[in-house]
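Please look over the model below before reading the numbered points. Comments on individual points are welcome.

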Amino acid sequence: MNFKEDTITAIITPPGVGAISVIRVSGKDSISAVDRIFSGTSSLSKAPTHSLKYGKIVTAEGEILDDVVVSVFRSPHSYTGEDSVEISCHGNPNITRRITELLYDLGIKNAEPGEFTKRAFLNGKLDLSQAEAVMELISARSDASLKGARNQLDGLISSKVNSLRYMLVNTSSLVELELDFAEEDIEFVDHSELIKRITNIIHELDNLLSTYAFGRVVRDGVNVALVGQPNVGKSSLLNYLLKEYRAIVSSIPGTTRDIIREEVVIDGVLYRLFDTAGIRETQDEIEIEGVRRSREAVTNADLILFINDVVQNISVDLYEEISKLTDEKKIIVVLNKVDIKHSSLLKADVAISAKTGEGINALFDLLKEKALGSESYSEKGAVVSNLRHYNCLKRAKTNLEAALDSCNNNLSGEFIAVDLRNAENSLAEITGEITTDDILNNIFMHFCIGK
Ligand SMILES: Nc1nc2c(ncn2[C@@H]2O[C@H](COP(=O)(O)OP(=O)(O)OP(=O)(O)O)[C@@H](O)[C@H]2O)c(=O)[nH]1
Ligand SMILES: [Mg+2]
């Protein structure tokens, strides 16, 4: 007997050795297929949804492959919305390989990356932004990004987008009603009311779009460049933050040449730190390239720790040079080596010692506030962190601005109606109510196999 192609399988736990591995089978024939290789006290065909069965996986020749626990989910009460079975076996890659080979022999296909979640989407278990959140949840590398993915999976983005769509539908139905009665010259909505409504939706879109700066750094991490004159203690601070002797530290100015990039999670936020060469005039060919890279790091960073020390004092010239390369709001002026006896000096944003750790907590607080603002995730409500969503929202805004132009120029309702409909479609793409194969493939191809 050959099972239908639309039943798929994949190992859904990480590859390698572990206590348990899990193989998922999903599709119309999943229960009967697993039943063919499963030997337990009773057949799976009668197992109710959400039930567990203990038994053995046995080959056609009668060889016992493993003791397993099988979970049975019946449509629509499963992750994919289809009949599904999950086989929990011992976590040896040879066992999982042999069990999946038995399933392939029955005609069951290997799942593509993201195929289970894609099916969940197609079966209406999740909308598209929630399906994307599943991937983000799995790959989140800090508590903050986990929280963001959680909110998206819980539908915060979806419900915000849906409420905007509702406002749009109400507005465009007024315009379309007027179109229906165009010949009778009835005005259902005056243009000033229409303009007010559209402006209001644009305002809401702007609010949502403005959360992206926050959402992006939370999701992808904050790029922080450590820059300053030579010998001020940039590498010492990097090492202190990483709690390891990562970068060479010496009292010779010009120690660091290449950029050293390391990641660290501090207080739930992921930071990507770039230790750079001290910026100064130099004839040394290698150092010249190092300094060029330091300037480049300033340009690319979300935040700049401009490090100075109490010995050399704060370099006003270098501050000016750096502020020409980036937005001044991104610069945090740090005064290092406060453990050394010093007289009162120019004011910095924060005073620290990379040697004793003094002031480091204040530096953390400042970094977090500069990166994320003072509001926490829970206070923010819906936060956009996904570039695709951001682009759809921007497109919706452009459509609405065109509608507004048409209103202001007293163009016929038909023009306004088209732009409003386009805006609605742009929003519908976020939740996947309108989508194409290309969009879907592009999203799910970035998933891992088994999700
Ligand atoms: N007393 C004291 N010394 C420090 C502190 N931070 C760094 N130093 C010393 O300052 C010197 C320079 O430190 P580095 O971390 O190599 O400085 P850097 O800014 O990376 O220097 P370059 O790579 O040359 O640009 C070393 O001798 C460090 O031990 C500090 O907080 N207190
Ligand atoms: Mg250094």
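The points below cover conventions, the sheet, a helix pair and the ligand shell.

1. This is a predicted model, in which local features need pLDDT of at least 70 and side-chain atom pairs count only at pLDDT 80 or more, while totals for chains, interfaces and linings use all residues. Residues are numbered from 1 along each chain as its sequence is written, with chains lettered from A and ligands numbered from 1 in the order in which they are written.

2. Strand 3 pairs with strand 4 (residues 51–58) in the antiparallel sense over three bridges; pairing requires at least two DSSP bridges. Gly40 is opposite Gly55 in strand 4.

3. Helix 5 (residues 143–153) packs on helix 8 (residues 212–220) at about 120°, with the axes 7 Å apart. Helices are DSSP H or I runs of at least four residues; axes are lines fitted to C-alpha atoms over the stretch in contact, and angles between N-to-C directions run from 0 to 180 degrees. The contact (C-beta atoms, placed from the backbone, within 7 Å) involves Ala144, Ser145 and Gly148 of helix 5 and Gly215, Val218 and Arg219 of helix 8.

4. Ligand 1 is surrounded by 23 residues, the closest being Gly233, Ser235, Ser236, Thr256 and Gly278; the criterion is a C-beta atom, placed from the backbone, within 6 Å. Helix 9 (residues 234–242) gives the most to this shell, with three residues.

Definitions and conventions. Helices (H or I, at least four residues) and strands (E, at least two) are DSSP runs, numbered from the N terminus. Two residues are in contact if their C-beta atoms, placed from the backbone, lie within 7 Å.
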